Amino acid sequence: EQEVEIIEGCRLPVLRKNQENEDEWPLAEVLSVRDLPRTPLYYVHYIDFNKRLDEWVTPDRLDMKKLQFPKKEARTPPKNGLPGSGPGSPERDVVRPCFVLSSQAPVYPALRDPSFSSTPREQHQPLAALTTVNIPLNHLTHMWRAWFLLVCGKQKLITFFVSWKNGSTRRLIPPQPGRKRKTCGGTDEDSQDSSDGIPSAPRMTGSLVSDRSHDDIVTRMKNIDCIELGRHRLKPWYFSPYPQELTGLPILYLCEYCLKYLKSLKCLQRHLTKCNLRHPPGNEIYRKGTISFFEIDGRKNKTYSQNLCLLAKCFLDHKTLYYDTDPFLFYVMTEYDSKGFHIVGYFSKEKESTEDYNVACILTLPPYQRRGYGKLLIEFSYELSKVEGKTGTPEKPLSDLGLLSYRSYWTQTILEILMNLKPENGERPQITINEISEITSVKKEDVISTLQYLNLINYYKGQYILTLSEDIVEGHERAMQKRHLRIDSKGLHFTPKDWSKRGKW
């Protein structure tokens with residue numbers, strides 16, 4: 001009897017269910033093989049799918065007819081002494097199946113690299129997000145032209161409201177010399193999820209440095225099966241460097257107040273009798289209803305901050321854990337009930353940012369996603385920027401879900417400003433990019449990229465105008481009706497600190 005040996009690096013179609021619960025056969029790469037007594041298991045990554053969908057599969061889900069083996073000698077040649085930028089796996093060709101005698105059991109590599117556990121925690125690199133953004137050339141050209149005329153020249157934007165049903169158009173006349181600009185008020189709003197086209201290359205400096213050197217076979221695989229956090233059980237999406245002795249457990253238990261990790265339910269129950277916390281450490285700086293925000297200093301509450309980063313790493317890809325939390329502030333959002341304050345999500349920010357970043361990492365825990373909490377975190381970060389008197393932007397590049405949330409937030413914030421513009425003394429409303437940025441605390445580059453993404457900027461008779469179609473207006477109004485969670489500035493009790501004047505954080 002003969003059979004095909006599947007090794008690490010092979011690619012082949014794998015059966016999975018899509019969002020409509022229909023069968024599909026996407027191409028997948030085998031990252032690891034686990035040789036069990038009854039049947040082997042294969043850890044696969046679906047090509048062009050997010051890593052959070054990676055999973056262990058049985059042989060009956062593999063299409064062996066289209067098996068592709070890796071070429072051992074194929075490597076991307078280095079350029080100018082630097083490693084090539086090709087894929088991490090070798091090139092593959094469809095080859096004839098390689099047969100081995102079934103009586104000769106293949107030797108499979110270990111699931112984990114033994115040297116990994118000996119790496120000191122202090123040597124881990126900072127958390128870093130990595131996202132590739134593709135921008136059409138015509139969008140870039142248009143955006144740079146807009147930057148020169150709108151930002152440098154402070155060109156005013158004239159708004160068009162177009163009604164496609166009755167064919168009528170309300171046109172706002174261009175600004176005339178000597179006319180005063182109308183100062184308009186508005187509030188930060190939220191919107192439906194949408195994609196993005198931010199022209200930003202991956203950052204290689206700053207607090208969150210992209211480090212691909214850790215992307216080996218160990219960190220490419222999920223190492224925690226399940227996390228119990230309060231009344232929720234979470235299925236991690238990605239690798240997180242919890243102690244190796246805990247990664248083989250069926251369930252990892254976390255105290256939902258101090259985030260300490262424990263190996264059993266009995267240990268957790270014993271810990272809860274001694275844990276005095278019923279809310280995150282630090283100062284409560286916001287409360288409205290059952291929603292509260294706590295400000296946590298990464299230097300004063302180092303253990304909590306490190307445990308928070310470990311938990312967050314389970315749901316944030318392309319990040320290396322950062323154990324030096326001193327330069328960061330953490331803002332944890334909680335939901336209150338009779339038992340205490342339960343963590344919903346958080347964002348972190350640098351105490352001192354030379355590039356006006358108001359968010360470093362941001363996460364809403366899976367049980368609370370798609371309920372408006374993510375946009376509430378974003379809105380709160382800009383509310384802090386307003387108190388600080390600054391414009392802010394998140395560290396880029398963003399993760400895929402972060403990109404969607406920020407784009408939708410920027411979209412609704414800007415549309416709300418434009419739709420609230422009203423004529424004054426018979427004059428048609430006018431507004432500049434600088435004014436939008438000052439009102440919302442959204443950085444000018446993000447305002448311009450959002451207008452460009454919405455395709456609102458048009459060139460008309462020597463001036464840039466904004467055109468709002470009826471579809472955009474109606475879509476914005478529908479999204480606003482679904483938005484229930486908002487930040488009330490009256491509930492914020494926050495005094496910004498000048499960290500540059502402090503010798504030590």
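Student: Where in the chain does leucine 15 lie, in terms of strands and loop?

Tutor: Leucine 15 belongs to the loop that connects strand 2 (11–13) with strand 3 (16–17). Please keep in mind throughout that we are reading a predicted model.

Student: Is leucine 15 buried or exposed, or something in between?

Tutor: Burial is read from the relative accessible area, and a residue counts as buried under 20%. Leucine 15 has a value of 22% and is therefore classed as partly exposed.

Student: Which residues does leucine 15 touch, if those up to four places away in sequence are not counted?

Tutor: Its partners are Asp23, Glu24, Trp25, Tyr46 and Arg61.

Student: Which residues of the largest nonpolar core touch the most other members?

Tutor: The general idea is that nonpolar side chains in soluble globular proteins tend to be buried together. Here the largest nonpolar core has 77 residues, and those touching the most other members are Phe293, Leu311, Phe380 and Leu418. Helix 5 (residues 400–419) supplies the largest share of this core, with 8 residues. Another core lies apart from it and has 14 residues, including Leu12, Ala28, Leu62 and Leu67.

Student: With which residues is phenylalanine 380 in contact, leaving aside neighbours within four places in sequence?

Tutor: Phenylalanine 380 contacts Ile285, Tyr286, Phe293, Tyr331, Phe347, Ile487 and Leu492. Several elements come together around this region: helix 4 (residues 373–388) lies across strands 17, 18, 19, 20 (340–350) and 22, and runs at about 55 degrees to strand 20.

Student: In what order do the strands of that open sheet stand, and what is the pairing?

Tutor: Strands of a sheet pair through backbone hydrogen bonds, either parallel or antiparallel. This open sheet has 5 strands in the order 17-18-19-20-22, with antiparallel pairing. Strand 17 and strand 22 (361–364) are the edge strands, each pairing on one side only. On average, neighbouring strands are turned by 20 degrees against each other, direction ignored.

Student: How many bridges join strand 17 and strand 18?

Tutor: Strand 17 (residues 283–288) pairs with strand 18 in the antiparallel sense over 5 bridges, with lysine 288 standing opposite isoleucine 291 of strand 18. The two strands form a hairpin with 2 residues between them, and glycine 289 in the turn has a positive phi of about 65 degrees. Strand 18 also pairs with strand 19 (residues 328–337), in the antiparallel sense and over 7 bridges; there, isoleucine 296 stands opposite phenylalanine 330, and the bridge partner of glutamate 295 is tyrosine 331.

Student: Which residues point one way from strand 18, and which the other way?

Tutor: In a regular strand the side chains alternate between the two faces of the sheet. For strand 18 (residues 291–297), Ile291, Phe293, Glu295 and Asp297 point one way, whereas Ser292, Phe294 and Ile296 point the other way. The strand is mostly covered, since 7 of its 7 residues are buried.

Student: The other open sheet has mixed pairing; which strands stand at its edges?

Tutor: That sheet has 4 strands in the order 14-13-15-16. Its edges are strand 14 (232–234) and strand 16 (261–262), each with a single partner strand, so one side of each lacks a neighbour in the sheet. Strand 15 (residues 252–254) pairs with strand 16 in the antiparallel sense over 2 bridges, and tyrosine 253 stands opposite leucine 262.

Student: Finally, at roughly what angle do the axes of helix 5 and helix 7 cross?

Tutor: The axes come within 10 Å and cross at roughly 90 degrees, and the two helices are therefore roughly perpendicular to each other. Helix 5 contributes Arg407, Trp410, Thr411 and Ile414 to the contact, and helix 7 contributes Asp446, Val447, Ser449, Thr450, Leu451 and Tyr453. By class, the contact has 5 nonpolar, 3 polar and 2 charged residues. Helix 7 (residues 444–453) is mostly covered, with 7 of its 10 residues buried, and asparagine 455, which follows it, has a positive phi near 60 degrees.

Key
Residues are numbered from 1 along each chain as its sequence is written. This is a predicted model: local features need pLDDT of at least 70, side-chain atom pairs count only at pLDDT 80 or more; totals for chains, interfaces and linings use all residues. Side-chain values use heavy atoms; hydrogens and water are left out. A nonpolar core is a set of buried Ala, Val, Leu, Ile, Met, Phe, Trp, Tyr and Cys residues joined through side-chain atoms within 4.5 Å. Buried means under 20% relative accessible area, exposed over 50%, partly exposed in between (1.4 Å probe, protein chains only). Contact means heavy atoms within 4.5 Å. Two strands pair if DSSP finds at least two bridges between them. Axes are lines fitted to C-alpha atoms, for helices over the stretch in contact, and angles run from 0 to 180 degrees between N-to-C directions. Angles under 35 degrees count as roughly parallel, over 145 as roughly antiparallel, 65 to 115 as roughly perpendicular and the rest as oblique. Ala, Val, Leu, Ile, Met, Phe, Trp, Tyr, Cys and Pro count as nonpolar, Asp, Glu, Lys and Arg as charged, and the others, Gly among them, as polar.
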